[in-house]
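Open the model in a viewer and show it as a cartoon. The stops below say what to select and what is found there.

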Amino acid sequence: RLNRAVDDAMGTVDERLQRAIDELPADGSDFLAWTDLAADARHELGAERPIAITVLDDGVQTIDPDLNQPLTIEDATRLAAEHAPGIDLHDTTVTIRGIGQIAGIPAPAGGEWVPALRTFATNTCEATGAACTVLAATGTAA
């Protein structure tokens, strides 16, 4: 019975994910979209039980705020506070993997870029009330 409920919920999540992917602009990247997808999953699975979510993302955000530029940890902290998601994910465990691990284009200049992305990801995740673990390209936890 549980398998059927999970399969039904995942079918809905997959359908909404595909719709969201189809709506993304070709030249944009929205790291913060994971919070909406997580809220959808929480809604589908019910709020009365804890859930675990894994986000696979490089952390690059080109839609406001633009993180695809040289950043300091201070910049990332400020931007995370300004763009904190208004989503409640209490009783949710979130693991974000691959922050700063980009393919193709070189990373923006600045030695703090990956730690800054990690700071942004950690702070915006924690703003949801979730228990968060953020793993950068190096595989170290935040």
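The tour goes from the whole chain to the sheet, then to single residues.

**Before selecting anything**

This is a predicted model, in which local features need pLDDT of at least 70 and side-chain atom pairs count only at pLDDT 80 or more, while totals for chains, interfaces and linings use all residues. Residues are numbered from 1 along each chain as its sequence is written, and side-chain values use heavy atoms, with hydrogens and water left out.

**Whole chain**

Color by secondary structure: the protein chain has four helices and three strands. Helices (H or I, at least four residues) and strands (E, at least two) are DSSP runs, numbered from the N terminus. Along the sequence the pattern is α-α-β-α-β-α-β. Of the 142 residues in the protein chain, 35% are buried; buried means under 20% relative accessible area, exposed over 50%, and partly exposed in between (1.4 Å probe, protein chains only). The protein chain exposes about 8,000 Å², with 52% of it supplied by carbon and sulfur atoms. These areas come from the Shrake-Rupley method with a 1.4 Å probe; for residues, only the protein chains shown count as cover.

**The sheet**

Select the three strands. They form an open sheet in the order β1-β2-β3, with parallel pairing. β1 (51–56) and β3 stand at the edges with a single partner strand each, so one side of each has no neighbour in the sheet. From one strand to the next the twist averages 10 degrees. Two strands count as paired if DSSP finds at least two bridges between them.

Now go to strand β2 (residues 92–99). Is it mostly covered or mostly open? β2 is mostly covered, with six of its eight residues buried. Six bridges join β2 to β1 in the parallel sense, and Thr54 stands opposite Thr95 in β2. Six bridges also join β2 to β3, again running parallel; here Ile99 stands opposite Ala136 in β3.

Axes are lines fitted to C-alpha atoms, for helices over the stretch in contact, and angles run from 0 to 180 degrees between N-to-C directions.

**Cys132**

Select Cys132, in strand β3 (residues 131–136). Which residues does Cys132 touch, not counting residues up to four places away in sequence? They are Val94, Cys125 and Glu126, where contact means heavy atoms within 4.5 Å. Cys132 is buried because its relative accessible area is 16%.

**Two backbone stops**

Most residues other than glycine have a negative phi, and most peptide bonds are trans. The peptide bond from Asp64 to Pro65 is cis, with omega near 5 degrees. Pro65 is in the loop between β1 and α3 (73–82).

Move on to Asp91, in the loop between α3 and β2. Asp91 has a positive phi, near 60 degrees, in a residue other than glycine. Asp91 is partly exposed, with a relative accessible area of 47%.

**Helix α1**

Finish at Leu2, in helix α1 (residues 2–23). Leu2 is exposed, with a relative accessible area of 55%. Show Val6 and Met10 too: with Leu2 they form a nonpolar patch on the surface, with about 250 Å² of accessible area together. Patches are made of residues with over 30% relative accessible area and no salt bridge; like charges are joined within 9 Å and nonpolar side chains (Val, Leu, Ile, Met, Phe, Trp, Tyr) within 5 Å. A salt bridge is a side-chain nitrogen of Lys or Arg within 4 Å of a carboxyl oxygen of Asp or Glu.
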